[in-house]
Amino acid sequence: MEVLRPQLIRIDGRNYRKNPIQEQTYQHEEEDEDFYQGSMEGTDEPCDAYEVEQTPQGFRSIVKAPSLLYKHIVGKRGDTKKKIEMETKTSISIPKPGQDGEIVITGQHRNGVISARTRIDVLLDTFRRKQPFTHFLAFFLNEVEVQEGFLRFQEEVLEKCSMDHGVDSSIFQNPKKLHLTIGMLVLLSEEEMQQTCEMLQQCKEDFINDISGGKPLEVEIAGIEYMNDDPGMVDVLYAKVHMKDGSNRLQELVDRVLERFQASGLIVKEWNSVKLHATVMNTLFRKDPNAEGRYNLYTADGKYIFKERESFDGRNILKLFENFYFGSLKLNSIHISQRFTVDSFGNYASCGQIDFS
């Protein structure tokens, strides 16, 4: 079935087939690195979108990529690079490990250079998707009224529902870290960080100013909901967000930001719309207070880590606190926040932001 319906990868506005590729490991080789082995047929469809320069020696194309991903183009013992060079009749120059620079593809024939470029882009996209998220776009909900409302919620839940299975103080969010996530990012270089800042500023100029009217968006945090299907076995409970004026402006704004970042490739497209929510209880906090939802389940090499979770019985909480009012606040800034990093106030560290007013 995978052969008949291969995964599609979108690069520079074009779709490419990612055919099944068998990954092999070699005895005595490190097994914690992923490299492609086997055929790469179907990845070299012609593409006119690439910039290919004609030189006295033939043709050349330059690929910009974070140095962290170079090893995946080289492959074990250089096998991946050699295979692409052989099959496309090109030469590929890659900076040495730890050095920044550009991947340069040269060859006698333009189609060969394009073919090599396409294969490299597919590899880069594939292994970028395996990298753990480093940053996220978010609104901070760390105003006093909402934090106090959250602490009141925690106190009342523990007072009325602490006898319910799995309910204890360890699974509540840190009030200083309350936030609304717009999208998760993988930023692997200073250049990509700068690109993110510039794109967020461009969003502000292109549509955020029009949607917000150049003013903060006034919202209420009220009501709770759970992520999974069984209220008797809940892992994540979140507070819902509503515009005070009853409009859909906040949802429209975040959806358009998501769409813009997905089109750029900085955010992998998983959803067409942002599910706005503020996590208030998460069973991952039970063993790790610094856990960040489902996004911390991967190692630095992109390997999935199974983490055993003890769910809690949320039926009484959902019944008693269905319409709980956490407070209101004005959303005035979108932040580029760094995961697992806090500032001197205990909030997520912000690496950049735009303000509505």
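**Close-up 1. An open sheet of four strands in a predicted model.** The strand order is β11-β10-β9-β12. Pairing in this sheet is antiparallel. Two strands sit at the edges: β11, residues 278-282, and β12, residues 325-331. Each edge strand pairs on one side only. From one strand to the next, the twist averages 30 degrees.

**Close-up 2. The pairing of β9 with β10.** Strand β9 covers residues 217-226. Strand β10 covers residues 236-243. The two run in the antiparallel sense, and six bridges join them. Look for V219: its bridge partner in β10 is M243.

**Close-up 3. Helix α6 across the sheet strands.** Helix α6 spans residues 249-264. It lies across three strands, β9, β10 and β12. Against β9, helix α6 runs at about 85 degrees.

**Close-up 4. C351 and the cysteine sulfur nearest to it.** How far away is the nearest cysteine sulfur? The sulfur of C197 is the nearest, at 7.9 Å.

**Close-up 5. Two cysteines, C161 and C351, and their accessible area.** Is C161 buried or exposed? C161 is buried, because its relative accessible area is 0%, and buried means under 20%. C351 has a relative accessible area of 31%. That value falls between the 20% and 50% cut-offs, so C351 counts as partly exposed.

Note on methods. Residues numbered from 1 in each chain as written. Predicted model: local features only at pLDDT ≥ 70, side-chain atom pairs only at ≥ 80, totals over all residues. Heavy atoms only, no water. Buried < 20%, exposed > 50% of the residue type's maximum accessible area, 1.4 Å probe, protein only. Disulfide = S-S within 2.5 Å. Pairing = 2+ DSSP bridges. Axes fitted to C-alpha atoms, helices over the stretch in contact; angles between N-to-C directions. Contact = heavy atoms within 4.5 Å.
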